[in-house]
Amino acid sequence: MAFAPMGPEASFFEVLDQHRASLLATLRRGVAGVGEPAGGGTHLASRFEDSVGLQMVSHCTTRKIKSDSPKSVKNFALILKILSMIYKLVQSNTYATKRDIYYTDSQLFGNQTVVDNLINDISCMLKVSRRCLHILSTSKGLIAGNLRYIKEDGTKVSCSCATAVAVPSNIQGIRNLITDAKFLLIVEKDATFQRLLDDNFCSKISPCIMVTGKGVPDLNTRLLVKKLWDTFHIPIFTLVDADPHGIEIMCIYKYGSMSMSFEAHNLTVPAIRWLGLLPSDIKRLNIPKDTLIPLTKRDQMKLDSILKRPYVTCQPFWRKEMEIMADSKMKAEIQALTFLSSDYLSRVYLPNKLKFGGWI
């Protein structure tokens with residue numbers, strides 16, 4: 001039986017037909033199995049392209065999950081269960097969150113992480129986005145500033161400079177985006193984001209949009225940043241702590257992550273620039289030493305790992321900043337700027353950076 005649907009769901013049915021044919025052929029030979037990326041979808045083979053970021057290689061190593069193997073029979077059954085749920089979602093043109101899927105049989109799945117990893121594996125195996133699987137993620141990110149849009153259900157959203165709204169759970173469904181913003185500012189931490197709102201930063205500076213993923217960004221926040229870039233092509237800056245964790249978060253927005261490298265084209269924005277907090281700013285602004293924090297062993301390992309990544313060779317100024325951090329063996333949070341003055345970040349630091357081009 002073949003499927004011939006119209007619209008974005010066609011890609012799901014097409015690849016499902018191909019995998020079903022392969023599975024049936026395997027069953028005729030007496031062994032059932034499905035292929036998934038080696039490492040359970042979390043350690044994919046990837047390559048770096050400056051215009052895209054981290055991409056999964058086309059011929060990466062795969063592993064077999066077999067129905068007749070005691071070691072993998074449960075994973076095989078769970079993949080088929082989730083595939084059957086996806087099939088029903090696509091056929092009925094409805095959507096579910098990963099949390100919804102977990103609670104259909106929480107005892108069977110065990111924990112949410114199992115569901116998350118299996119969905120990533122299925123998406124990677126079929127080479128389609130989660131959108132095509134009709135699976136949505138719950139958003140944790142926030143957005144504020146000069147932006148208006150219409151959600152898939154027709155709800156009109158008007159963001160403001162005073163309060164934030166949640167990032168939509170269905171980014172592909174939003175339409176009629178309108179803005180006068182001159183730039184987009186990605187803020188690492190929610191506390192910093194809220195402080196900028198309290199200081200009325202968006203109104204005092206040129207019209208802008210602010211987004212936070214509240215730490216490591218979820219899929220929807222990354223999709224939103226990508227959609228805003230594709231729609232408006234305005235400059236995008238990041239404001240992160242001057243520590244390895246903050247740099248890692250910035251790299252996820254800009255270049256992507258290994259675990260989602262198969263969807264890099266939909267997620268990465270290589271045009272993103274590092275606005276602050278730069279390690280060189282610590283000395284330049286004479287930030288008090290007692291506000292700095294020594295790098296832990298884990299920090300140093302993370303920093304060494306980032307310095308070895310292929311995209312750092314394309315960013316000599318980034319490398320220089322990270323080497324400054326490595327040599328000083330110190331890190332600083334954005335909040336360290338409050339020791340200069342309570343509103344230094346919004347009143348002095350960011351306006352001067354934006355006015356005089358203090359980004360890399």
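Exposed means over 50% relative accessible area, buried under 20%, and partly exposed in between (1.4 Å probe, protein chains only). The model is predicted: local features need pLDDT of at least 70 and side-chain atom pairs count only at pLDDT 80 or more, while totals for chains, interfaces and linings use all residues. Residues are numbered from 1 along each chain as its sequence is written, and side-chain values use heavy atoms, with hydrogens and water left out.

**Overall chain**

- The protein chain contains 15 helices and 17 strands; these are DSSP runs numbered from the N terminus (helices: H or I, at least four residues; strands: E, at least two).
- Of its 360 residues, 52% count as buried.
- Among contacts (heavy atoms within 4.5 Å) between residues at least 6 apart in sequence, 74% join residues at least 24 apart.
- The accessible surface is about 17100 Å², and carbon and sulfur atoms account for 54% of that area; such areas come from the Shrake-Rupley method with a 1.4 Å probe, and for residues only the protein chains shown count as cover.

**Helix 7**

- Helix 7 spans residues 190–198, and Thr192, Phe193, Leu196 and Leu197 are buried in it.
- Viewed down the helix axis, these buried residues fall within an arc of 145°, so they line one face of helix 7; the arc is that of the directions from the helix axis to the C-beta atoms.
- The elements covering the buried residues include strand 7 (142–145), strand 12 (183–187), strand 13 (208–212) and strand 14 (236–239), together with helix 8 (201–204) and helix 15 (344–356).
- Asparagine 200, which follows helix 7, has a positive phi near 60°.

**Sheet 9-8-11**

- Three strands form an open sheet in the order 9-8-11 with antiparallel pairing; two strands pair if DSSP finds at least two bridges between them.
- Strand 9 (156–158) and strand 11 (175–178) are the edge strands, each pairing on one side only.
- Strand 8 (residues 148–150) pairs with strand 11 in the antiparallel sense over 2 bridges, and isoleucine 150 has arginine 175 of strand 11 as its bridge partner.

**Cysteines**

- The structure holds 0 disulfides, a disulfide being a pair of cysteine sulfur atoms within 2.5 Å.
- Cysteine 161 is in no disulfide, and its nearest cysteine sulfur, that of cysteine 202, is 4.4 Å away.
- The sulfur of cysteine 208 has its closest cysteine sulfur in cysteine 202, at 3.6 Å, which is too far for a bond.
- Cysteine 208 counts as buried because its relative accessibility is 1%.
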